[in-house]
Amino acid sequence: LVGNALKFTLQGSVTVSGYTTEDSVIVDVRDTGIGIPAAKLDTVFDAFEQVDMTATRQFEGTGLGLSIAKSMAEAHGGDIR
């Protein structure tokens, strides 16, 4: 998550914070980057999914980073939203 936040925030900031509850650790990653369109929010964590799927896109990648992060969180009983 932090890697994507840094990758897609050319100007502005990336903030990572965390806290604990009785039975959880919450990590919050926020950025002022290019954002995710509302129409892509349901699929952005799917494997090989990218916000910009065009051949001329500005950012490179496979579209696996968020999918892997979500799988790792879920394997440890967590979640990513």
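The protein holds 2 helices and 2 strands, where helices (H or I, at least four residues) and strands (E, at least two) are DSSP runs numbered from the N terminus. Along the sequence these follow the pattern α-β-β-α. You are looking at a predicted model, in which local features need pLDDT of at least 70 and side-chain atom pairs count only at pLDDT 80 or more, while totals for chains, interfaces and linings use all residues. Residues are numbered from 1 along each chain as its sequence is written, and side-chain values use heavy atoms, with hydrogens and water left out.

To get your bearings, picture a box of roughly 45 × 30 × 20 Å along the principal axes, filled by the C-alpha atoms of the protein. Of the 81 residues, 15% count as buried; buried means under 20% relative accessible area, exposed means over 50%, and partly exposed lies in between (1.4 Å probe, protein chains only).

Let's turn to the strands. S1 (residues 14–20) and S2 (residues 25–31) run antiparallel and are joined by 7 bridges; two strands pair if DSSP finds at least two bridges between them. Thr15 is partly exposed, with a relative accessible area of 43%. Its C-alpha atom is separated by 22 Å from that of Ala38, 23 residues apart along the chain.

Next comes the largest pocket, which has about 1,400 Å³ of space. Among the 40 residues that line this pocket, Leu1, Phe45, Leu66, Ile80 and Arg81 are the closest to its centre. The elements giving two or more residues to the lining are helix H1 (2–7), S2 and helix H2 (65–75). S2 gives the most, with 7 residues.

How is a pocket defined here? On a 1 Å grid over the protein atoms alone, a cavity is a set of points where a 1.4 Å probe fits but cannot get out, whereas a pocket is an open set with protein on both sides within 12 Å along at least five of seven lines; lining residues have an atom within 4 Å of a point. Grid points are joined across faces, edges and corners, and a volume is the space filled by probe spheres set on the points.

Two of the residues closest to the pocket centre, Phe45 and Leu66, are worth a visit. The charged end of Lys70 sits over the ring of Phe45, 5.6 Å from the ring centre; this label requires NZ of Lys or CZ of Arg within 6 Å of the ring centre and within 35 degrees of the ring normal. Leu66 is found in helix H2 and counts as buried because its relative accessible area is 13%. From the C-alpha atom of Leu66 to that of Val14, 52 residues apart along the chain, the separation is 16 Å.

Finish the walk at Glu74, also placed in helix H2. Is Glu74 buried or partly exposed? Glu74 counts as partly exposed because its relative accessibility is 42%. Glu74 and Gln11 lie 63 residues apart in sequence, and their C-alpha atoms are 31 Å apart in space.
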